[in-house]
Each structure stands twice: as structure tokens, then as C-alpha cells.
Amino acid sequence: MLTLREALADAEKRGVALGHFNISNIEGLHGVWNAARALKLPVVIGVSEGERDFIGVRQCVALIKSLREGENYPIFLNADHSYSVERVKEAIDAGFDAVIFDGAELPLAENISKTRDCVSHARACGREVLVEGELGYIGKSSKLLDTLPEGAAQNAESFTSPEEAARFVKETGVDLLAPAVGNIHGMLKHSKDPHLDISRIKAIREAAGVPLVLHGGSGTPDEDFVAAIKAGMPLVHISTELRVAFRDALKLALQEDPEEVVPYKIMRGAVSAIEAATTARLKLFNSLL
Ligand code: G3H
Ligand code: ZN
């Protein structure tokens with residue numbers, strides 16, 4: 001079976017991307033899993049600090065392991081956006097396949113030294129664990145937005161620079177880099193999210209020398225996804241779109257049958273809605289539309 005590093009290299013070579021989907025519960029996992037398996041595509045499950053606390057850090061590992069080993073299937077687990085070195089180390093020690101230290105809001109020197117610490121821990125753990133670093137602030141929450149997140153990079157001057165990206169990768173040794181290139185966490189309620197700076201993505205990919213990760217995928221215009229993936233982003237994160245699908249389907253189920261009390265019946269529609277949202281994104285990322 002392909003490792004995550006190999007799956008990413010293969011995707012980048014083919015100009016497609018792996019989907020990284022955040023989950024908060026077993027319904028989310030089943031929705032994403034059903035979609036990926038039906039399309040026979042490798043997939044990454046992401047859990048933020050809050051999401052993995054809700055499921056349980058070691059339980060996340062056990063769930064993904066059971067699917068991967070049960071069907072010899074390339075499904076991988078990422079500890080998404082950790083804001084302390086301790087939380088990164090906890091995930092590495094628990095058995096995650098990939099981790100992210102999110103030092104985007106820290107001064108550059110501190111971001112570099114803490115990310116480097118995470119890389120050293122990953123290299124010493126006896127397994128291959130990919131480490132991703134963050135450079136450039138794109139907001140923090142996967143939610144519906146009325147306006148762009150305060151402080152998020154929104155123009156060429158505040159986007160991640162190729163020079164800084166090169167320095168960051170060289171000094172930390174990260175395997176993957178998440179830049180700010182017009183992307184934002186969360187999605188605007190009343191319009192598509194801003195366009196991505198495709199030429200900046202190309203320049204950062206070239207300077208950094210490692211694959212780039214597109215965070216804040218929800219709400220991104222379709223044509224920007226395709227161009228960004230081809231420019232060097234073989235991994236795309238989607239969260240808010242799945243959260244909205246879950247919320248809407250759950251609301252509908254409760255409205256349609258207020259007497260129903262069986263959780264697995266109430267939740268069926270939510271699993272299907274997450275599956276449908278994931279399928280649409282996976283098809284786009286893999287030119288299957
Ligand atoms: O790490 C998670 C993501 O970057 C998701 O962002 O909620 O805008 O899809 P999103
Ligand atoms: Zn993110």
C-alpha cells in the first residue's frame with residue numbers, strides 16, 4: 001500500500017490532489033470513507049485539536065487503523081492545526097500519520113524553532129510521520145463567515161513570500177508547507193471565497209522544494225482549485241462544507257420526524273450528506289467530473 005508521502009508525490013505528478021476532510025464524529029468518518037472508497041481514491045482524515053479531543057486522540061488512531069488494515073486501504077490520519085509542540089508530540093506518539101504545527105500567528109523565528117522541534121520528534125519516533133508547517137495567517141475557524149477573517153492575508157504583500165517559504169523549509173525540515181495565497185479558513189455565506197494567487201503558489205512551490213497544502217478549501221471557486229492543484233498543491237483541506245452538510249441534514253431529519261429517537265436513524269441523512277459533499281470535492285480534485 002502507498003505511504004502518504006508516496007500518495008502525495010503520485011498525485012502531484014499527475015496534477016491531481018488528495019482530499020483532506022475534517023471529521024468530528026463517526027458519522028463524518030463514515031461519510032468521507034464511503035465517498036473515497038466508492039471512487040477508489042486515497043484520502044486523509046483530519047482532526048483539529050477540538051475534533052480529536054471530542055473523539056479521543058487514541059480513538060482517532062484506532063478508527064483509521066481499523067479501516068486501513070481491514071481493507072488494506074490508503075486512508076491516513078492527520079493531526080490538523082496544533083498550536084503547541086506538546087499537542088503535536090502527543091499525536092505523533094499516539095500513532096498519527098501526519099501532524100501540523102500551526103505557528104502562523106507566531107513571530108517567524110519562534111515558528112521556525114517550534115516547528116523544528118516537532119520535526120525532530122517525528123524523525124525520532126521510529127515511523128514515517130509527515131510534518132507540515134504553516135506560514136501566513138488565513139484565519140482560524142471552519143465556519144460560515146459574514147466577512148473575511150480579521151487579519152487574514154488578502155493581498156500580494158501579505159501573502160507568503162517564496163523567499164520566506166524557502167528559509168522556513170530549509171531551517172525546519174518540514175515535509176509539507178501550508179502558505180497563505182488568498183485562501184481563508186471558513187467560507188463566506190453570501191459569495192464564493194476570494195480567488196487564489198496561482199502564480200504565487202507556483203513560485204512558493206518552486207522555492208520551497210516541498211509539496212504545498214491548500215487549507216481553507218471550502219468556498220473556493222472550482223477553477224481555482226484546479227489551477228492551484230496543478231501549480232503544486234497535491235493536498236486540499238475541506239471542513240466547513242462538511243460541517244454545513246451535517247448541520248443541514250440533521251436539522252432536516254429532526255424536522256421531518258420529531259418523534260424519532262433512534263440515533264442511527266436520525267443520523268443516516270447526515271452521513272449521506274457528508275458523503276455527497278466529499279464525493280463532489282474528490283471528483284473535482286481528481287478531474288473526474
Ligand atoms: O484545516 C482545515 C481546513 O483548512 C479547512 O478549511 O473549513 O475553509 O474548508 P475550510
Ligand atoms: Zn486548515
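Which residues does Leu177 touch, not counting residues up to four places away in sequence? They are Glu132, Gly133, Leu135, Ala165, Phe168, Val169, Ile204, Ala208, Val210, Pro211, Leu212 and Val213, where contact means heavy atoms within 4.5 Å. The model is predicted, so local features need pLDDT of at least 70 and side-chain atom pairs pLDDT 80 or more, while totals for chains, interfaces and linings use all residues. Residues are numbered from 1 along each chain as its sequence is written, chains are lettered from A and ligands numbered from 1 in the order written, and side-chain values use heavy atoms, without hydrogens and water.

Leu177 is among the residues with the most contacts inside the largest nonpolar core, which has 70 residues. Such a core is a set of buried Ala, Val, Leu, Ile, Met, Phe, Trp, Tyr and Cys residues joined through side-chain atoms within 4.5 Å; buried means under 20% relative accessible area, exposed over 50%, and partly exposed in between, with a 1.4 Å probe and protein chains only. In soluble globular proteins, nonpolar side chains tend to be buried together.

UniProt, in an unreviewed entry, places the feature "binding site" at His81, His185 and His215; its positions follow the numbering used here, feature names are shortened, and annotations may be inferred rather than shown by experiment. These residues span 135 residues in sequence, yet no two of their C-alpha atoms are more than 11.5 Å apart, so they gather at one spot. His81 is buried, at 7% relative accessibility, and His185 is buried at 7% as well. His81 is in contact with both His185 and His215.
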